[in-house]
Amino acid sequence: MNIFVCDDEPVYLNKIVKVIREYILFKDVGMTLKYSTTKPEELLTNFEQDSEIDSLFFLDVDLKTMIDGMDVAEKIKSINSSAKIVFITTHGELSSLVFKYQLEVLDYIEKSHLSAVEERVKACIDKASERFLQQRLTEEAIILKIENKVEKIPLNQVMFFESSAKSHCLEAHFNNRQFEFYGKLADLMDLSPTLMKSHKSYVVNIKNVVSVDVAKRTLTFVNGESCYLSFRFQKNILNQFKSHL
């Protein structure tokens, strides 16, 4: 789990960072303080580089910039809806904005007493870790060997796979990233019943198809990408698409 912190007050930012560093060192499990900053734009840029990884954010609400903590949280959720958000602020009266923005947050912590803040920060780290673990245990996923490592990929992040111009290579199209790896299209269909051929060069995740254009022979996915649909596989794709509506 990656942890990010953004607060416009450097002194307070450093205090929270110190609490987090000491606690994750004590816990000695898969947690990393990935990035801390006073600038929300830098935080978002850094997050986008590893947005597929489980992430927990501690955000101030009033960041003294063009965008506030609520805007940052909304952007984070648009990149990865499973990211966990905690607000730490002196502005307790702004807590109602959480409902206005329809944000799911782990906690809304006021800065008034640092000792109490420390305990709640630690509790939020534990809670986020537990929820991510539960998600991994319950969500549908596939296992792929990518270069020298094996990755468990949530199925809801998979759009489609296509044959690459490189010999024995496939190109994976996920929600927020694309990459090439060695494999065979035929083997992918054994990983899940929702993975099926739409064309001799494509295997698609039918659950993430939002439209089928028979005239143009294309499928469109939830992330806006599209791929080819051949006449040979059209009937099966249409039947499966209707059954998953």
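Residues are numbered from 1 along each chain as its sequence is written. In this predicted model, local features need pLDDT of at least 70 and side-chain atom pairs count only at pLDDT 80 or more, whereas totals for chains, interfaces and linings use all residues, and side-chain values use heavy atoms, with hydrogens and water left out.

The chain contains seven helices and 15 strands, taken as DSSP runs numbered from the N terminus (helices H or I, at least four residues; strands E, at least two). Its C-alpha atoms fill a box of roughly 65 × 40 × 30 Å along the principal axes. Of the 245 residues, 45% count as buried, that is, under 20% relative accessible area with a 1.4 Å probe and protein chains only. Among contacts (heavy atoms within 4.5 Å) with a separation of 6 or more, 53% are between residues 24 or more positions apart.

Strand β9 (residues 169-174) is mostly covered, five of its six residues being buried. Strand β8 (residues 158-163) runs antiparallel to β9 and is joined to it by five bridges, pairing being assigned if DSSP finds at least two bridges between two strands; within this pair, S163 stands opposite L170. The hairpin formed by β8 and β9 has five residues between the strands, and H168 in the turn has a positive phi of about 65 degrees. Five bridges likewise join β9 to the antiparallel strand β10 (residues 178-182), where A172 stands opposite F179, and the hairpin from β9 to β10 passes through three residues.

Four bridges link β13 and β14, with V209 opposite F221 in β14.

The 13 residues of α7 (residues 231-243) should span 18 Å at 1.5 Å a residue, and its end C-alpha atoms are 19 Å apart, which agrees; the expected span is 1.5 Å times one less than the number of residues. Residues F233, Q234, I237 and F241 of α7 are buried, and their cover includes β11 (195-199), β12 (202-205), β13 (209-213) and β14 (218-221).

Terms used: Buried means under 20% relative accessible area, exposed over 50%, partly exposed in between (1.4 Å probe, protein chains only).
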